[in-house]
Amino acid sequence: MKQLEKELESIKTELINMWELVSAQVSSSRDCLTEFDKDLAREIQVKEKRVNSAELNIDQDCENVFALYSPVAVDLRFLLSILKINSNLERVGDIADGIAKYIIDADVCFKPELLTVTRIMDMFEVGTNMLKITLLGFEREDTVLARSIFKMDEVLDEINSNANANIIEYLKKYPEDLDQALYALSIIRKLERVGDQVKNIAEEIIFYIEAKVIKHRKQE
Amino acid sequence: MESPILNSQNFNAYFGNNHVVKNVSMEIPRNNVVAVMGPSGCGKTTFLRCINRMHELIAGATTSGIIELNEENVYDMHAIYVRQKIGMVFQRPNPFPNLSIYDNTIAGYKLNGIKLSKSEKDGIVESSLKKAALWKEVKDSLHKKGTFLSGGQQQRLCIARAIAMQPEILLLDEPTSALDPISTASIEELLHELKKNFTLVIVTHNMQQAARVSDKTAFFYMGELVEYDDTKQMFTNPTDTRTQNYITGRFS
Amino acid sequence: MKSNINYRINKSLFIKGFIIFLAFLITLPLVSIIYYVAKEGFATINWNFFISVPKPVGEVGGGIANALVGSLILVVVASIIAIPVGIMCGIYLSENGENKLSYYTRLAVDILQGVPSIVVGIVIYFWVVKPTGSFSGLSGSIALSIMMLPIVIRSTEETLKLIPSTLKEAGLALGLPYYKVMIKVILPVGMSGILSGVMLSIARVAGETAPLLFTAFGNPYLNTNIAKPMQSLPLLIFNYATSPYDEWHNLAWGASLILLICILLLNLFTKLLTRRWKVQF
C-alpha cells in the first residue's frame, strides 16, 4: 500500500476511535441523567479530556499529511472533511460534557414524568442513533446512510420547538420543580445542537465521497 | 539513544579554491531515511559524494573535517572498503550494459573477483532483486541485458546492485530525476521498504519527494547546512526563515 | 510571388538531385576497380595458385603461397606489437585528457599518422635492418606496427571517451579498485569500438608496400622465419607488375584480386564483429 494511503488509513482509524468515544460519552450522559449518577457524570468530564486530546492529535496528523504529501482530489477532500468532522465531534463531546456538568450541579433527581413529557429520552435516542448511522456511513463510504440522518434531525428540531410549551405545561402542574425544568430545557437545547453537529458531519461525508457541497442549500 | 550510524563533524569540501560544503555537522540515525534538499549548486550532492569518498576522484577536490561511520572516520579507512560499506545510486540509471540482469545484481562480487557458489549467487540475486521490488518483473528474464529494462526498472536494478553488497548505508543522488512519475512513485515506495534494512540518505531537488519519503530532512543553502530536523517539523514549522522561504517557494 | 516560390522549389530539387548524383559517383571508382581487377585476375586463380611458390621466368604456372604466408605472418606479428601498446596508450589518453604528457602524446600520434609510409620504412631500415645485418620479416612487422599504432590509439581513445562516466562511477561506487574498473567495466563496454579500430588498422597495413621495401624486402621462396626476408602480397604485386614478363603480370593481377578480396572481407568482418559486440548504453 502506498505511504499516503497508510497515513490516511491511520487517520481514519483515529477518527473512528474518537467517534466511538464521543458516542459513548453521549450514551453515558443519558445514563447519568436517568440514574442521576454523579460519579458517572464526573467520569464523563474526565473522558472529555481524552476527546480533546484525540482532536488535537487528528488535527496534527492532518497537518503533517498536508505538509508532507500534498494530497489532491479525493485524498484532499477526505482530509478536509476529516478536519471538520473532527471539530464537529469535539463539539458533540463538549455537549456530553455540558450535560454531565448539569447533573453534577443539579440538587435533586430528575422526575421521570418530566423526562417523559419533554421527550428528552427520545432526543437521546435519536441523537445517538444519528451518531451511529453517520459513523457507519463514514466507514462504508455510504452516502445513502449519511443522507438518512437529515430526516432524523427533523425529529430533534420538532421536539426542541415543542420543548417550551411542554415545560410550561409541566411547570403549571409542578411549579416547585422550576429548577429541574430549567435544566431539562438546557439539556434539550444542547441535544438539539448534537443534531446540528451530526448533520454537518453527514454533509462532510457527502462532500468527501461525492464532491458535492450541500451545505446551506434549501432542502427540496 | 542509539549512537548514529553516520556522524559528520565540521566537514568541509572544496573544488580547488571553491569552498562548496561549509562546516557541516549532522548525525544520521540508523534505519532512517534522511533527505538532503536545497537549490542547485548548494553542495548537497558534493556532500553526499564525500560520504563514500567519491568526491576525491575529481581532480582538485579536497576535504577537511571528519565523517564517522559507526564512530570510525571514513577518511582513515581505505576508500574501497568505505564504498563497499556505503553503497550509492546515481542520478541516471547506470547498469553495466555488457552484463545481464543477473550479473548486474552481483556485479560487486563478480567484478571484484569474489568467488561465490552458484547457490550463493542465486540467493543474493533473488533476495536483492526482491528487496528492490524488481524480482517479479524480471525473474523470467534474468539473463537478458540490464539495459533492456525501462528507466525505472534500471534504477531499481542499480539499487539491487548496491544492496547486494550488504552496505550499511545507501546514498541516493537524485535517484528519480531522470524517471517518469510512475517509476518515481515506485522508487519512493521502495525507499520505505528499504529503510527496514538500511540507512538511506537521499539527495533531491524535489521538496515534495523529500517530504514524502524521509524521516529527517536537511536543508542546504550555499554550502551550509541551514536546518536539519524531523521532516514533519521541517515542513510544518521550520525554524530558519531561509528554510521557510525555500519550502514555500518564496525563494528569491 | 508564386513564380518566385516555384523557382525556389525547382532550385532545391535540382541541388538535391545533384547531391544524390555526386553521392552515387563516389561508388564508381570502387566498383570500377573491383570490376577491372576481377576481370584481369580471375583467370589466374586456381587451387595451384594458392599452394605453390612462383616459378622462374619462362615456366608456366606458379602461385603466391609465399606471399600469402608472408603477409599473414607480417600482419600477425605487427598486430602483436601494435595492439597492446596502442590500446594501453589509448586508455591513458582517454583517462588523462588534460595533462601535459597526454597533450604531447596526442600530438605525436597525430604527426605519426601523417608520416609517409616510405619514411617509416627507411627509418626502420636504419634502426633494425642495418644493425642486424639483414632484411627480415621482423623489421617489416615493426614498420607495419608503427603504421598501425596511430589508428589503434585514436580509435581506442575516441571509443572510451564516448563511454559515459557514470559507468565508471558505478564501478567505483561498488568498491572496485580503479584498475578493475578499467579492465572489467570500461574495456568490455568499449570492446566493439576498439575492435573496429584494430581491424581497420589491420586492413590498412595489409596493403602497405612502401614500408616493406627496405625491411621485409621480399623472397621468392616460402619462408616462415621472421629473421629472414619475407614476401608479402603488396611486395609481390609491386615486383611482378613492374617486371617485363606477361606470366608475372598475370600473377600480379591474381595477387591483386586476392589482396582486394582479403581487405573487403576484413572490412565486412569488422562490421559484423562490431555489431555483435555492440553495447547499448
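Among contacts in chain C between residues at least 6 apart in sequence, 76% join residues at least 24 apart; here two residues are in contact if their C-beta atoms, placed from the backbone, lie within 7 Å. This is a predicted model, in which local features need a pLDDT of at least 70, side-chain atom pairs count only at pLDDT 80 or more, and totals for chains, interfaces and linings use all residues. Residues are numbered from 1 along each chain as its sequence is written, while chains are lettered from A and ligands numbered from 1 in the order in which they are written.

How confident is the predictor? The pLDDT, its confidence in each residue from 0 to 100, averages 89 over chain C, with 99% of the residues scoring at least 70. For the complex, the ipTM is 0.87 and the pTM is 0.78.

Let's look at chain C itself. It has 11 helices and zero strands, where helices (H or I, at least four residues) and strands (E, at least two) are DSSP runs numbered from the N terminus. Chain C is more spread out than a compact globule, because its radius of gyration is 24 Å, well over the 19 Å that the globule rule gives for 281 residues. That radius is taken over C-alpha atoms, and the rule is 2.2 Å times the number of residues to the power 0.38. Buried residues make up 39% of chain C; a residue is buried if 20 or more other C-beta atoms lie within 10 Å of its own, exposed if 12 or fewer, and partly exposed in between.

Chain C is divided into domain 1 (2-44) and domain 2 (47-277), with bounds from an automatic or database domain assignment. Their C-alpha centres lie 33 Å apart, and seven residues of domain 1 are in contact with eight residues of domain 2.

Chain C also meets chain B: 20 residues of chain B are in contact with 19 residues of chain C. On the chain B side, H2(B) gives the most, with three residues. The table sorts two contact sides by class, counting Ala, Val, Leu, Ile, Met, Phe, Trp, Tyr, Cys and Pro as nonpolar, Asp, Glu, Lys and Arg as charged, and the others, Gly among them, as polar.

| Side | Nonpolar | Polar | Charged |
|---|---|---|---|
| Chain B, touching chain C | 10 residues | eight residues | two residues |
| Domain 1 of chain C, touching domain 2 of chain C | four residues | two residues | one residue |

Conventions. pLDDT = per-residue confidence, 0-100.
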